[in-house]
Every structure is written in C-alpha cells, then in structure tokens.
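Me: I would like to go through this structure by asking what lies behind the terms used for it. Please set each value against its definition before you conclude.

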Amino acid sequence: MATGTLHSQLVFGCFLVLLLKSNLYTCEQFSIAFSKPSDCGAGGYFDISSLSCVKCGADQISGKSGLNCECQTGFKLLTNNGGSITCQKCPVSKPGITQDGYECIRCSGSVGEDGKCQCPTGSILVERNVNGTLLEEAVCEVCNGTVPALSAPDAKGSRCVRCQDSFISMSQSCMCGSPNILAGGMCFASSSLPASVVATVSFAQLGLAVPSAWFSGFLYSSAAACLSLTNLTACQTLGNMCVLNMHSMSTIINDACGLYNTIYRATAAQGNNQNIPYWRINMPWLYYGDQPGLASRVLQSEPLPVGFNFKGTNKNTNIELLAAVYTAQGEFIRWESVGRGNLQLCPDTLIREQAAYIFGTAYKQNCILSVSDLLAGQSEPLFYDIFLVQQKAQGDKRLLAVPILNLNLQFNGQFVNQAPNMNSWYLTRRLVLIDTLSGREKSLSSTPRVIRIASNLKIRFQLVPNTQKGEVYPPLMTVSYSDILITDPAKQTVTVSFSVEYEMDQNEARVKTDIALGVLGGVAVVYSLLKTASWKRRIASPLIDFLTILKFLLIYAGDLANVFFIITVGTGLYWLIFYKAQQFVSVLLPLPSQEERFVTYVGCAFALKAVHFLHKLLVQLSVDIFFIDWERPRSKTSRFVEGSGEGKPPAAPVSIWRTYFVANEWNEIQTIRKISPTFQIIAILFFLEVVGFSSLALRDNSSELRRSDEIYSPAYSRILRYGLASAMWLCIGFIQLIISVFHERFVEDKIRQFVDLCSISNISVLLLSHRCFGYYIHGRSVHGHADTNMEEMNSNLKREAENLCGQRGLLPNSDVQTFQISITSRLRAQYDRILEPLGRRNGPSRLVDASANPFDQSTKAYHTMNRFLGSVIDHAHREMDYIVKDKLLFERLIGMEFIEPMDKSIFYNDDSYSFADVLFYGNESTLLIFDTLFFCVVDLGSQNFVLAAVLTYLQQLIFSLIRNGLGRRNLAIKTLVDKRFLI
C-alpha cells in the first residue's frame with residue numbers, strides 16, 4: 001500500500017517537472033513580432049490576418065497600400081479571390097494591360113509606366129465595345145470641343161462630357177483662349193478684378209506669411225465666379241478665405257478680404273438679404289459695415305425682445321443658439337444646434353456642455369489638446385454662422401445674428417478689436433474653429449506648415465441698465481486665435497478655453513459704495529477724534545505730540561476697519577440675496593475682474609482690523625494691576641498661664657494664599673470669551689461643507705444646496721463666497737452671544753464669579769488701563785476677615801444669604817462693587833513713586849543698589865502699596881480723596897468723561913462690569929470681526945473653507961497663548977506676585 005503511494009507520487013513529480021520545463025506555460029507562445037506595412041518591402045505585403053509580413057508570389061509586387069500584392073508590369077491578372085492572386089505574362093503582340101488589369105491589349109498610343117495604355121490630352125481611352133467586347137487594339141477618341149458637342153474628357157479620362165459652363169459662355173468651345181483667363185478649372189473674361197492675387201496667409205503671431213496652396217488654386221477663381229457668374233458656392237468660398245485671413249482689412253485689394261470688399265461694393269445695386277444692410281445678395285455676411293465704429297450701435301441699441309426669468313411659472317433660462325455650417329468649398333451642410341461639442345473643443349459630457357447655455361451660469365471650460373489629434377480629426381475646416389433663436393410665440397421663431405469680435409483682426413495693420421474702447425471695434429460674422437487648410441504650402445494633401453486654433457472663445461451677455469424684466473442686449477462672441485508652427489505634432493499641444501459670461505453696468509453700485517465709504521469714513525474720523533480726546537484726558541496729557549497722532553491713527557485704523565467690514569459684508573449679502581432670490585433678472589454678478597475692487601476693500605478691512613487687534617492686545621498686556629488685601633492680623637489662640645508674666649500673644653501673620661488664589665483666577669479669565677471658538681469653527685464647517693451652503697456661492701442662478709457630480713459646477717464668486725462666509729460666521733457668533741446671556745444668567749458667569757471671589761477673599765482689585773483711568777473691584781469682606789476655617793466661612797456665607805450683615809458695596813447700603821475710576825495726577829504720581837525702586841532694577845546699573853535684596857524690595861513695595869491704596873479707599877488721604885457718582889448716558893455712549901479729576905478722583909458706578917475691557921471677554925466684537933475677516937481672507941486666497949477654518953483655529957490658539965503668556969508675565973510684574981505661583 002505504501003509502495004504504491006510512493007510510486008504514484010514519483011510519477012506525478014516527474015510529470016510536473018516536464019510540464020514546467022516545457023513551453024506550454026511560458027509567455028512566449030502569446031507574443032508576436034511587431035510588424036507594419038512599411039516594413040514588408042517591395043516584394044511582400046502585410047497580412048491583416050496574421051499581422052505579419054508575407055512574401056508575394058511569382059511575378060508579383062507589393063500594392064500601393066502595402067496590404068496586398070499586384071501583378072508586375074507586363075503581367076495580367078488571372079484570378080483574385082481576395083486573399084491571393086495569380087498572374088500571367090502578356091504576349092509581345094499585346095504588351096498593354098487593360099484598365100481593370102484582367103486582359104492584354106495592343107495600344108494605339110503609348111504605354112505608361114504601369115503598363116497601361118495612355119492617350120494624349122483631349123482624348124479618352126476606349127478598350128471595349130458598347131456591349132463590353134474587348135477590342136483588339138485600344139483606341140484614343142478625341143472629344144469634340146466645338147458646337148454642338150462641346151465636350152471634353154472627364155476627370156478620369158474615361159468618357160467625354162459637356163464642358164464647364166464658363167468655357168462655353170466665354171468662347172463657345174472647350175478652350176479658354178486669350179484674352180480670357182483660366183483659373184481653378186474655369187474660364188473667365190478679364191474683369192475689374194486684379195489679374196494677380198495675394199495667395200499668402202499672414203500668421204501675425206509667428207511673423208510668417210505662408211504661401212497657401214488653397215489660396216493659390218482657388219482664390220482668383222472663387223472671386224471671379226462670384227463676380228461674373230454670381231456662383232453661390234464661389235461667393236461662400238471667397239468669404240471663407242477672408243475668414244481664414246482673420247477678416248483683416250488693408251489697402252491691399254487683391255487679397256481675400258480685399259477681393260470680397262471689391263465684389264461687395266460692385267454688387268451694391270443687387271440689394272440685400274433679409275433686409276439686413278450688411279448682407280449682400282448672393283454673398284456671405286462677414287462684416288458689420290465697411291468701417292470700424294458700429295459696435296455700440298449693434299450691441300447696445302436695442303435689447304432682446306424676450307427677457308429671462310430665474311424662477312416662477314414663466315421661468316426662462318434657456319439660451320438656444322443655431323449655426324449654419326459650411327464647408328471650405330462653400331457648400332451648406334446643415335443647420336446645427338450649438339452646444340453639442342461644436343463650439344466647445346474640449347471633450348466633456350453632454351450634460352456638462354449644455355450648462356453653458358443656461359442663462360446666469362458662468363461657464364468656463366479649459367483643456368490642453370494635442371496638435372496631432374487636431375490634424376487627424378480636422379482635415380478640412382468648418383465655418384459657422386451663429387444665430388440666437390428667439391421664440392416669441394408658438395411657431396414664431398426668429399434668428400438673431402450673433403456678432404463676433406475677432407481679436408486677431410487687423411485693420412490697416414492695427415489690432416483694433418483689442419482696444420478697450422468699443423467705438424474702435426470692428427464686428428464681424430462667420431467663425432472658424434480650427435484651420436488646417438490655409439497653412440498648406442505645396443499641395444492640399446501635404447501637412448500644413450502652420451495651423452490656427454480658436455484658443456479662446458467667449459460669449460458675453462450684458463444686462464440692460466435698470467431693467468426689471470430680465471432684458472439683455474444681443475450677445476457678443478469674442479474669439480482669439482493661436483498660430484502654431486508645426487514641428488513635432490505628436491509632442492505639440494495647445495491650450496483652448498470656452499466661456500460664457502454675464503455682466504451688468506457696475507458704475508452705479510461702485511458710486512454708491514464710494515459714497516457709503518466716504519460718509520461712514522467721515523463719521524469714523526469724528527468718532528476716532530473723540531476717542532483720542534478721551535484717551536488724552538485719561539492719560540492727563542494736554543499736549544498734542546507725535547504719540548497723540550500715532551494713537552489717533554491706531555484708533556482710526558480700528559474704526560475704519562469696521563467701516564470697510566460693514567460695507568463689504570453689506571455688499572456681499574446684497575449680491576447673495578438679490579441675485580439668488582430674484583425671479584425676473586434685474587442684477588447680475590460682477591465679473592472676476594470687477595471683483596478686484598471688492599477684494600481690495602476686504603484686504604483693507606483685514607489689515608486695519610489686524611492693526612487694531614494688535615493695538616488692543618498690547619494695551620491689555622501693559623495694564624497696571626494691584627490686589628489690595630484688606631485682611632488684618634488676628635491674635636493667636638494660645639493658652640495664657642496666669643502669673644507667668646507673659647504679655648499679649650503676638651498676632652498671626654496674614655496669609656498670602658488668598659492673594660495668590662485671586663491672582664490665579666484673574667490669570668485664568670484673561671482669555672475667556674463669550675463664545676466658544678472651537679464650536680464656531682465646527683459649526684461653520686458643518687453648515688458650509690456638510691449641509692452644503694457653500695453651493696450658494698457658485699456663479700449660477702440655482703439655490704440648491706446639494707449638487708450632482710454629473711452636472712457642471714461653475715466657479716465660485718468671491719463676493720458671494722465672502723458674503724456667505726461672513727454672514728454665517730456672524731450669525732453663529734450672534735447665536736452664541738444670545739446663548740451666553742442665558743448661560744451667564746442661569747448657569748455660570750465667570751466675571752461675576754470673580755467679583756464674588758474677591759469679596760469672599762477680602763481682596764480688592766485696582767486696574768489702570770490708562771495713566772489716570774481704570775477700574776476698581778471692591779472686594780472688601782463684610783465679615784471683616786476671610787482668612788478663616790471652613791466652619792466660620794460657611795457661617796459667614798449663611799449670614800450674608802439671610803441679610804444678617806452689611807452689603808458688599810463700596811458705599812453704605814449699596815451693592816455696587818465695580819467702578820470706572822478717573823484718578824488725579826497726584827494719586828498716580830504716588831502710585832508710581834512706590835513702584836519706582838522696582839523699576840530701577842531694569843534700568844542702568846549705576847542706578848541699581850547692589851546691596852538691596854530684590855525679594856525684600858518687592859515685599860516692601862507690596863506692603864507699602866497695599867497700605868497706601870487701602871488708605872485711599874478708606875478716605876485717609878484728604879489730598880487724594882475721591883467721590884462716587886453715576887456716569888451720564890452720553891458719557892457712556894461716547895466713552896468719554898466730561899469732568900476732569902483735578903482735586904479729587906472720581907469713582908463711576910459700573911454695573912456692567914466694564915473692567916472686562918482689559919480682557920478678551922470685553923472685546924468680543926473686535927475678536928469676532930477679526931476672526932471673521934481672517935477666515936474670509938484665507939478663503940478668498942485659497943477657495944477652501946476647510947483650510948480657512950484650520951488656519952483660523954491656529955490663529956486663535958496662537959494669540960490665546962501669547963495673551964496668556966505675556967499677560968501672566970505682566971500680572972507677576974505689576975501685582976508683585978511671584979510668577980511661580982501663577983499656574
């Protein structure tokens with residue numbers, strides 16, 4: 001059993017080795033040698049079945065195509081089954097071969113190189129009788145070119161046909177004798193046309209004038225046939241040649257456009273087509289007038305009879321264009337609907353291409369095309385006469401000619417259509433997209449030396465000013481061509497674009513914006529002056545110096561930034577609402593080039609607001625602050641031994657931990673905000689990217705939030721994108737502010753909690769944001785002491801809750817704990833005098849007392865300042881006393897105190913906790929506007945909401961870290977609290 005198994009395994013192994021060594025499973029059996037017809041030589045042909053070269057049989061040579069074999073000269077064909085042939089040599093008596101190759105025949109004339117009989121000019125070759133019987137000898141029959149036969153050999157030379165009509169009309173024969181002119185296979189009488197024509201085509205971009213085989217062979221004949229014979233296709237051919245020459249006009253009268261204009265003027269008496277003065281009968285319509293300057297009359301004289309509507313039952317957004325298509329030979333091919341890939345050279349789906357013809361959709365298509373593909377797919381150019389279809393009523397269809405602005409047109413050597421002034425333009429008709437014909441030099445079958453591509457094609461609609469019915473002027477098609485010198489078609493490429501634009505006159509909107517900017521800017525100047533005056537009063541400086549001017553500029557930067565912000569947000573919302581929500585088209589979005597002014601305003605708003613924000617940040621980082629500790633020493637509770645002789649027990653020192661705790665709480669609230677920046681970022685991305693509100697910023701009339709990937713998505717409007725982003729950011733911010741009001745009322749108010757903490761800790765806070773102006777938080781405990789145990793603390797809080805003790809306010813029977821203070825210069829001087837020794841440590845070394853201990857100096861200055869400020873609050877200094885009063889309403893509105901503190905300082909009651917102005921919390925509007933502008937500026941530059949959100953979050957984080965770090969340092973310096981205790 002085991003032996004049999006081993007034997008079978010050995011047999012299987014040997015079979016597997018043989019199988020692997022064989023060629024049955026190698027890749028070589030599935031590969032073939034690469035061959036092409038040109039590799040087979042004169043004695044072989046390319047077999048389309050085996051895709052390889054096969055040798056021809058005896059007496060055979062390779063055919064012209066290289067895909068079959070033919071009999072050698074002097075051999076006739078015996079059999080041909082489509083795959084192989086057999087040949088037989090002709091006898092000496094019949095050396096010629098018939099035209100079909102199957103018979104030998106004697107020639108009356110000469111024998112050609114291919115072994116077939118040949119006849120002289122004017123004769124045809126006859127090899128068989130009428131019934132098909134082969135003649136013994138081929139006969140050359142002369143065609144009778146006189147009356148009445150008037151015949152000549154056809155193009156193949158196989159039979160006599162009637163002469164071309166121009167020969168008969170000129171000479172009553174088939175000869176075109178002098179003084180007639182033979183051109184293009186036709187006979188013409190000498191006329192007013194020049195005898196010689198300019199057969200070169202100018203390619204101005206390359207600086208080349210290429211002699212064209214097409215122009216050489218057919219320019220004069222087309223012009224002569226059009227003028228003399230009123231030949232319709234000849235007139236169309238002549239017009240096409242003028243189009244290939246870019247409609248260029250000059251003093252030369254014998255080029256294509258010169259000949260066209262000569263005939264146009266000569267046939268004026270024949271009248272016009274369709275009652276159009278520029279469209280001569282029998283001729284194509286190429287120009288609007290014979291001189292530049294009619295553009296404004298054509299484009300802005302009369303609107304289209306049918307308006308466009310974005311919404312409602314009468315919605316009309318369809319743009320229907322129709323094109324009459326002609327060949328280069330002047331033959332009419334068909335009427336063709338524009339939008340099926342004819343004008344749009346870039347390949348795309350039909351749905352996306354049709355988006356170009358929906359009114360209000362800013363369409364733009366770009367691509368790079370291979371020159372070799374253009375040469376292979378466009379052997380001859382097609383010419384288009386574009387019309388706009390106007391459907392007035394059922395069955396009443398009218399066609400409006402669409403004028404063309406050819407930027408390559410030259411009028412007397414000048415590119416008049418590139419001028420910005422419309423009055424210099426020369427509008428034309430008829431369009432060619434790809435010209436691979438006029439650049440052929442030697443023959444019409446040769447490869448062109450130069451080709452010309454319509455690289456930039458644009459259709460523009462302009463809204464009628466002050467329309468409420470969606471009226472627009474006739475569209476204008478602008479075309480720009482690129483000349484390409486053929487060197488290596490396989491590697492050469494050309495960039496082409498097709499776009500549809502919609503514009504309206506923006507002058508009125510620009511004037512209104514400038515007026516608003518001027519008025520609000522003037523108000524900002526007055527408001528900034530008031531702020532500067534208030535600042536001067538608060539620093540107790542009556543002089544106007546450089547610092548005053550600098551401060552005014554910094555304040556004005558913030559106010560002017562607000563002006564720019566209001567104008568830009570209002571402008572963005574205006575376009576967003578009125579463009580997207582309109583039913584009858586009355587406004588159109590500014591073009592990208594027209595948005596530059598708006599983007600400049602946004603940039604100014606951001607730059608000025610950044611200056612304002614940094615100024616605010618520096619002010620907050622330089623605020624003077626001190627914590628006044630009201631706690632007084634308490635006697636130690638120790639046993640007293642009677643008769644021991646010991647005196648009164650020493651007082652316990654006041655703990656500093658309450659001051660450290662309050663300082664830490666102040667450090668923590670320096671960067672808190674009324675809104676959550678993280679939630680703001682997440683919410684804005686959710687609505688813009690997830691819900692799809694970003695689609696509202698697309699340059700089309702749709703208000704849909706979700707778009708299919710199959711349909712065309714236009715570019716974003718920067719104005720709509722800014723208006724949408726800023727409005728959404730502000731809305732989310734305002735919603736958070738509203739929520740924060742309820743949150744602070746019912747959940748947690750960190751600012752009010754800090755004031756409560758000061759009262760519980762028996763700590764007051766003095767803040768000086770200016771030299772003689774600041775804020776005071778009265779935190780003196782109504783219980784006398786705060787440095788106590790838990791039992792006593794809870795008892796004190798209970799007594800306060802039950803109104804069994806006094807109120808917390810600075811004044812008796814008052815709850816007001818926060819004040820705006822305007823102090824005298826005497827008080828400020830004493831404040832600075834106490835801190836002066838500490839300031840010397842950072843000054844020159846010669847002013848520093850080397851023997852003084854810095855820690856002892858700080859401790860001494862702290863206790864001195866604490867006693868001094870406490871005594872001031874307790875009215876212990878008559879020369880530095882203060883009064884408490886309410887601020888006037890107008891003082892609150894303009895942020896300025898009318899009364900200057902001369903003898904006494906003034907404490908203004910402040911129920912609004914305005915000391916938060918030295919924190920992020922009190923500057924939420926500045927931060928919100930700055931974040932909005934930062935987000936929008938990044939998005940305008942990148943067109944990416946996600947990137948803008950990420951960078952905005954990083955910006956918020958960085959500035960928060962800066963404010964925390966430098967604010968902590970300033971807090972340690974100004975409060976004399978060791979930095980190591982601020983955690």
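Me: Where does Arg430 lie, and why is Arg430 called buried?

Reply: Arg430 lies in the loop between strand 24 (404-406) and strand 25 (431-432), where strands (E, at least two residues) and helices (H or I, at least four residues) are DSSP runs, numbered from the N terminus. Its relative accessible area is 2%, and buried means under 20%, exposed over 50% and partly exposed in between, with a 1.4 Å probe and protein chains only; Arg430 is therefore buried. The phi of Arg430 is near 65°, a positive value in a residue other than glycine. Most residues other than glycine have a negative phi, and most peptide bonds are trans.

Me: What does the model rest on, and how are residues numbered?

Reply: This is a predicted model, in which local features need pLDDT of at least 70 and side-chain atom pairs count only at pLDDT 80 or more, while totals for chains, interfaces and linings use all residues. Residues are numbered from 1 along each chain as its sequence is written, and side-chain values use heavy atoms, with hydrogens and water left out.

Me: Why is Asn282 called partly exposed, and which residues is Asn282 in contact with?

Reply: With a relative accessible area of 27%, Asn282 is partly exposed because that value lies in between the cut-offs. Contact means heavy atoms within 4.5 Å, and, leaving aside neighbours within four places in sequence, Asn282 is in contact with Thr230, Leu232, Cys235, Gln270 and Asn273. Asn282 itself lies in the loop between helix 5 (256-266) and helix 6 (295-300).

Me: What makes strand 7 and strand 11 edge strands?

Reply: Two strands pair if DSSP finds at least two bridges between them, and the open sheet of four strands has the order 7-8-12-11, with mixed pairing. Strand 7 (96-97) and strand 11 (123-128) each have a single partner strand, so one side of each is left without a neighbour in the sheet. Five bridges join strand 11 to strand 12 (residues 134-142), and the two run antiparallel; Val126 has Val139 in strand 12 as its bridge partner.

Me: What is meant by the largest nonpolar core, and which residues touch the most other members?

Reply: A nonpolar core is a set of buried Ala, Val, Leu, Ile, Met, Phe, Trp, Tyr and Cys residues joined through side-chain atoms within 4.5 Å. The largest has 155 residues, of which Phe359 and Phe935 touch the most other members, while helix 10 (residues 546-581) gives the most to this core, with 11 residues. A second, separate core of 30 residues includes Leu757, Phe773, Tyr775 and Leu919.
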